[in-house]
Amino acid sequence: MPKPVQYKKNSLVYFNGDKNDNKIFVLQQGKILLESLDPETNIEVLDTVAPGEFFGVKSSLGNFPRDETATVAEDSIVIVFSVPEFEALATSNTRLIFKMLQVFSNQLRRVNKQLASVLKQKEVNADDGLFNSGEFFYKQNKQDKAAYIFKKYIEQHPNGKNIDAVNRYLKLLQKLGVK
């Protein structure tokens, strides 16, 4: 029998990479964030789960490791289904099947857009790629990640064409107290 589970803000439902987790979740109340990395750009992608939406389906039904981390953005109530419970619900509820198709269709569209974008881009060298990643995290106010990437840039490209900009960013980060 599916069970409602209460989650407090900032708690985790599951981690990216979790294995042997055959649970499927439907958000009844609150807000869940799904955090993953774009496989092409290695940039963090955040998706929001709203009440009435499900998550964790692909990995559970396909018996794959989780491909995102599910974090509770505000106190939430989540209905937890086993795979057999979810299959029984889906076979008796065509509305749910159409909702699943809509979600998967939207995900496929996003993947297709990303793929088209990657195919149209000029090749980026490692120097620029690392610098652009650091700059992205800096602009997203993720200073710890930016500092880490800029330090890696200095290790890997001590004479790179972006070295002056990297040093400027690191000085700004130091002033903010980021090590």
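## Salt bridges across the chain

At 60% relative accessibility, Lys161 is an exposed residue in this predicted model. Its partner in a salt bridge is Asp128, with the closest N and O atoms 3.1 Å apart. Because Asp128 belongs to helix α4 and Lys161 to the loop between α5 and α6, the pair ties together parts that are 33 residues apart in sequence.

Another of them joins the side chains of Glu44 and Lys142, at 2.4 Å from N to O. Here the two ends are 98 residues apart: Glu44 sits in strand β4 (residues 44-49), and Lys142 is placed in the loop between α4 and α5. Glu44 is buried at 16% relative accessibility, while Lys142 is partly exposed at 27%.

Let's turn to helix α5. Glu155 and Lys152 both lie in this helix, three residues apart, which is about one turn. They form a salt bridge whose closest N and O atoms are 3.6 Å apart. Glu155 is exposed, at 56% relative accessibility, and Lys152 is partly exposed, at 25%. Elsewhere, salt bridges with shared partners join Glu44, Lys142 and Lys145 into one network.

## Aromatic pairs

The model holds 10 aromatic pairs. Take Phe131 and Tyr169: their ring centres are 6.2 Å apart and their planes meet at 50°, so this pair is tilted.

## Around Ser60 and Arg66

Ser60 is part of helix α1 (residues 57-62) and is buried, with a relative accessible area of 7%. Leaving aside residues up to four places away in sequence, Ser60 touches Asp21, Asn22, Lys23, Ile24, Arg66 and Val83. One of these contacts, Arg66, has its charged end over the ring of Tyr14, 4.2 Å from the ring centre.

## A nonpolar patch on the surface

Finally, Ile97, Phe98 and Leu101 make a nonpolar surface patch of about 310 Å². Phe98 lies in helix α3 (residues 94-120) and is exposed, because its relative accessibility of 58% is over the 50% cut-off.

Definitions and conventions: Residues numbered from 1 in each chain as written. Predicted model: local features only at pLDDT ≥ 70, side-chain atom pairs only at ≥ 80, totals over all residues. Heavy atoms only, no water. Helix = DSSP H or I, 4+ residues; strand = E, 2+ residues; numbered from the N terminus. Buried < 20%, exposed > 50% of the residue type's maximum accessible area, 1.4 Å probe, protein only. Contact = heavy atoms within 4.5 Å. Phe/Tyr/Trp six-rings, centres within 6.5 Å; stacked < 30°, edge-to-face > 60°. Lys NZ or Arg CZ within 6 Å of the ring centre and 35° of its normal. Patch = residues over 30% accessible without salt bridge, like charges linked within 9 Å, V, L, I, M, F, W, Y side chains within 5 Å. Areas by Shrake-Rupley, 256 points an atom, 1.4 Å probe, with all protein chains shown as cover. Salt bridge = Lys/Arg side-chain N within 4 Å of Asp/Glu carboxyl O.
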